[in-house]
Amino acid sequence: QVHLVESGGGLVQPGGSLRLSCAASGSIRSINAMGWYRQAPGKQRELVAGITNAGRTNYADSVKGRFTISIDNAKNIVYLQMNSLRLEDTDVYYCNIRTRLVGRSYDEIYWGQGTQVTVSS
C-alpha cells in the first residue's frame with residue numbers, strides 16, 4: 001500500500017503564490033511518475049501537471065508559464081509551485097502517483113485525499 005500526504009493548499013489572493021507538496025510512503029520500489037490533478041464540483045478531474053522519474057514534465061495549457069512541478073526522488077515528494085494564481089485556479093487539487101511496489105510486477109496508481117486551493121480577493 002501507498003500513503004500520500006498532501007499539504008500546502010489554502011486561500012490566496014489573485015496574483016499570489018502557493019506551493020503544494022505530496023509525500024509518498026509505503027512499500028515503494030520505484031516511482032514512475034507523479035502528478036497533480038484538480039477537480040471542481042460537477043466537473044471531471046483534469047491533469048494540471050505531471051512529471052516522470054526522469055524529470056520529463058507536462059502541463060495543462062492553462063497553467064503553462066505559471067506552475068512548475070518538481071520531484072525529489074530521494075524523498076518521494078512531488079511539489080507544485082503555483083504562481084500568478086487566478087480565480088479560475090480555485091479547485092481541489094489531488095496528488096497522483098504511478099508506482100511499483102515491493103514484490104509486485106506491475107505498476108499501480110494511487111491518489112491523495114485532495115487539498116483545497118481557493119483564489120479569492
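Visitor: In which sense do strand 7 and strand 8 pair, and over how many bridges?

Guide: Keep in mind that this is a predicted model. Strand 7 and strand 8 (residues 77-82) run antiparallel, with six bridges between them.

Visitor: Okay, and which sheet do they belong to?

Guide: An open one of four strands, in the order 1-3-8-7, with antiparallel pairing. Strand 1 (2-7) and strand 7 (67-72) are the edges, each pairing on one side only. From one strand to the next, the twist averages 15 degrees.

Visitor: How should I read side chains along a strand?

Guide: In a regular strand they alternate between the two faces of the sheet. Now take strand 9 here: eight of its 11 residues are buried, so the rest of the structure largely encloses it.

Visitor: Which strands does strand 9 pair with?

Guide: Strand 4 is joined to strand 9 by 10 antiparallel bridges, and arginine 38 sits opposite tyrosine 93.

Visitor: What about the turn between strand 9 and strand 10?

Guide: That hairpin has six residues between the strands, and glycine 103 takes a positive phi near 85 degrees.

Visitor: How much space lies in the largest pocket?

Guide: About 170 Å³. There are 14 lining residues, and the closest to the centre are Ala33, Met34, Tyr37, Gly50 and Arg98. The lining divides into six nonpolar, six polar and two charged residues. Strands 4, 5, 6 and 9 each give two or more of them.

Technical notes:
Residues are numbered from 1 along each chain as its sequence is written. This is a predicted model: local features need pLDDT of at least 70, side-chain atom pairs count only at pLDDT 80 or more; totals for chains, interfaces and linings use all residues. Side-chain values use heavy atoms; hydrogens and water are left out. On a 1 Å grid over the protein atoms alone, a cavity is a set of points where a 1.4 Å probe fits but cannot get out, and a pocket is an open set with protein on both sides within 12 Å along at least five of seven lines; lining residues have an atom within 4 Å of a point. Grid points are joined across faces, edges and corners, and a volume is the space filled by probe spheres set on the points. Ala, Val, Leu, Ile, Met, Phe, Trp, Tyr, Cys and Pro count as nonpolar, Asp, Glu, Lys and Arg as charged, and the others, Gly among them, as polar. Two strands pair if DSSP finds at least two bridges between them. Axes are lines fitted to C-alpha atoms, for helices over the stretch in contact, and angles run from 0 to 180 degrees between N-to-C directions. Buried means under 20% relative accessible area, exposed over 50%, partly exposed in between (1.4 Å probe, protein chains only).
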